Amino acid sequence: MEVMCIDIGKGTQDIIYLDIERDNIENAIKMILPSPTRIVAEKIMKMERDIEIDGKVMGGGPVSRAIFQHIERGYRVVMTRRCARTVRDDLEEVARRGIILKDRVDNPDVILGDLDFEMFRSIFREVGVEFKPDVVAVACQDHGFVKGQSDRITRFNYFREQLRRTSNPLEYIVVEEGGIFSRFRSILETLRENNYRGFVMDSKIASICGILDYAMEEGVEEFIGLDIGNGHTLGVSIKEGRIKGIFEHHTSLLNPEKLKDIVDRLAAGTLKNEDIYGDGGHGALVLEGIEPQEIFITGPNRRMFKRYGRYAYPGGDVMITGCVGLLRAFMYNRGKLGF
């Protein structure tokens, strides 16, 4: 059975592809490629004319900035309503920012999407490998959208609801196309349209599942896991594979000492939601304190906490932390997914 795991970030898309019956993680095909949003943004920035855009919701960031810069340069930008939520979930705000919205465009100059399977097939052909995954697992970040509600609240409410449903992070997979998460929905639609079975998972949770895999390999049952990303920092306290507390903050608002104080309160069980939300972060929920044996850290800004924690290398490579988490989640949920 061939499994493809794709962790889509703002800077890179990290990929592992392996036959789980035959290969170990060291023999998997691994790729670190520019993120889809960077690839599309570069294409837009090279254009010197009016453009029309179609496709699906994808990661914003660089794409959104490229679109607004294109408008500032005096060009007309038309987007279909189905893909315009890439820029903002509130389409009224998108229109106010100067983007022309239409129900359809016939010959788009740019097509948005987080998954480019034709690109993957082309890469695999070049190295003589047949691209035929039985399952595709994807990690990305989606704030969700509830009109009139802060996206900080919307996003952390998702974590809160998941934790109240189950404390096992391996169960935090999404397989249904409905709900408030337009990016998750678009990825699942793309999988279905390409006849691939699979699921999507929040990228921070996938990273935590990767750290959990590493901790289990190291024989550590009680620990703090931190993913210190470019935009967000997610922290969890875990005991015997179960989340006992979780918080998410904005990395730009943190420094080593401040983060250490948050981590100490997470471990002690005294961290409150208002401590994080009131400081400009997303929130916190702590069920009980733990006595961590280790503090495992990953993410592109992991060096911030280097003096206080220990780098985690799931699968021997920090860049595939989310992919290892996706793989672990697939193996855990394999029966439920019909495999």
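S182 sits in helix α7 (residues 182–193), helices here being DSSP runs of H or I with at least four residues, numbered from the N terminus. The model is a predicted one, with local features needing pLDDT of at least 70, side-chain atom pairs counting only at pLDDT 80 or more, and totals for chains, interfaces and linings using all residues. Residues are numbered from 1 along each chain as its sequence is written, and side-chain values use heavy atoms, with hydrogens and water left out.

With 5% relative accessibility, S182 counts as buried (under 20% relative accessible area, 1.4 Å probe, protein chains only). Leaving aside residues up to four places away in sequence, S182 touches V57, R85, D89 and D142, contact meaning heavy atoms within 4.5 Å.

On to helix α8: 13 of its 16 residues are buried, so α8 is largely enclosed by the rest of the structure. At the start of α8, a side-chain oxygen of D202 comes to within 2.9 Å of the backbone nitrogen of K204. After the helix comes G219, with a positive phi near 75°.

The axes of α8 (residues 203–218) and α11 (residues 321–333) come within 6 Å and cross at roughly 80°, the axes being lines fitted to C-alpha atoms over the stretch in contact, with angles running from 0 to 180 degrees between N-to-C directions. The two helices are therefore roughly perpendicular (65 to 115 degrees). Residues making this contact include C209, I211 and M216 of α8 and V324, L326 and R328 of α11.

Key. Parallel < 35°, antiparallel > 145°, perpendicular 65-115°, else oblique. Buried < 20%, exposed > 50% of the residue type's maximum accessible area, 1.4 Å probe, protein only. Polar contact = N/O pair within 3.5 Å; in protein donor to acceptor, adjacent residues only side chain to side chain.
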